[in-house]
Number of protein chains: 2
Amino acid sequence: MVKDKNTEQRIFDAARIVFQQKGLAGARMQEIADEAGINKALLHYYYRSKEKLFEAIFNEVFSNIVLGLQNLFSKEMGILERFHAIVEIYIDNLLKNPHIPLFVINEINQNPEKIISILNDKVVIHMKNFLIQMYQEMNEGKIKKVDPFQLLMSVIGMIIFPFAVFPAIKGIAAKNQMPVETFLQDRKQIIIGYIENILKP
Amino acid sequence: MVKDKNTEQRIFDAARIVFQQKGLAGARMQEIADEAGINKALLHYYYRSKEKLFEAIFNEVFSNIVLGLQNLFSKEMGILERFHAIVEIYIDNLLKNPHIPLFVINEINQNPEKIISILNDKVVIHMKNFLIQMYQEMNEGKIKKVDPFQLLMSVIGMIIFPFAVFPAIKGIAAKNQMPVETFLQDRKQIIIGYIENILKP
DNA sequence: GTCTATAAGTAGATAGAC
DNA sequence: GTCTATCTACTTATAGAC
């Protein structure tokens, strides 16, 4: 039995929008159906339950993030270059999907075991290689000696935080007659500058 | 008519715990009642509705944050000293209440107008003075020339992000046999070090 | 596959006894 | 003030026609 790709995809896209804005508990199946332009019953026809629909969305979103991380950490490049890539690629991606951080952060808090096990399975290896590379470059005197994990956490925090409070940033930006996109675009070079200040020997 | 402070306070504390963990939509009045060790009907006796109870909690939490900001920005001190204080005080406070960041971030996203108007009324003035002070010290050559707002956003991001993904950090820390509290305590000096690197002329 | 109508379950809110 | 019992509304989920 072949599924109608069009309808299924429309449901999927609608669900992603609603779940990202309202979260699992706050979303309504009716709202998703309206957003998809179809009837509520069809949601259950394609995805048996609200939970299953949510899981389908989350898995797609999160596996994209994991793929992005794997990609960033598997390529051969120096540490500064790598941080440069992390900042550029993530801010560009988040500008296209500013709701993703809060969506993922909420799931981390509601369902930590699931996320931790995925991270352990698919990300930790790359993370370890990254840490090893940092220690190498530190010993070679290419970069200053710092705690690699703390730095990584800091960089991710600087990247993600403005998106987690996006509406507030937007409000503040509007008050200063600056498009929020400009603020976030500028941020790329600024964060990279910080990292260079921190790491340059 | 005098309210029974004990019961009201127990409801309030229980509601804070449940709302912070589950959010407005995810929380159940029954769960709050259980947590408070009283009956569901009493919740409505003290706070007319779920929404009103949530608002009471949020207002208390958020006004504490605003007070903290006002306090930090009103005291006379140099810029580096001020950043030092921001980092120390916020990490210490968040270690006591690690759920607050996500709680506030969610409300920022669900109810941005309310938060923006409070910020405009009570925080923007202090923020402006802070920016003025930064420009002064930059012109005097005490610190390097940087975008003050971007730096502030970065510092706040570095402070708050680990708490927003607390369960994940905890999981990773556990895997490395390190208490998450140690990781976050260490972070204070590390972030302050970053800021000095960024601002030292 | 898609719809309408409806069932079944849940959650917030209230009535009324004590 | 506090409880039990109940009401009402909403939401997910299903049955069944087309």
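Which residue forms a salt bridge with B:E140? The legends below answer this and describe further pairs.

**View 1. The salt bridge of B:E140 and B:K142.** B:E140 pairs with B:K142, and their closest N and O atoms are 3.2 Å apart. A salt bridge is a side-chain nitrogen of Lys or Arg within 4 Å of a carboxyl oxygen of Asp or Glu. By this rule there are 14 salt bridges over all chains. The model is predicted: local features need pLDDT of at least 70, and side-chain atom pairs count only at pLDDT 80 or more. Residues are numbered from 1 along each chain as its sequence is written, chains are lettered from A in the order in which they are written, and side-chain values use heavy atoms.

**View 2. B:E88 and B:K188.** The closest N and O atoms of this salt bridge are 3.6 Å apart. B:E88 lies in helix α5 (residues 79-96) of chain B and B:K188 in helix α11 (residues 180-199) of chain B, so the pair ties together parts 100 residues apart in sequence. Helices are DSSP runs (H or I, at least four residues), numbered from the N terminus.

**View 3. B:D92 and B:K188.** B:K188 also forms a salt bridge with B:D92, with 2.8 Å between the closest N and O atoms.

**View 4. A network in chain A.** Salt bridges link A:D13, A:R16 and A:E60 in a network.

How values were computed
Helix = DSSP H or I, 4+ residues; strand = E, 2+ residues; numbered from the N terminus.
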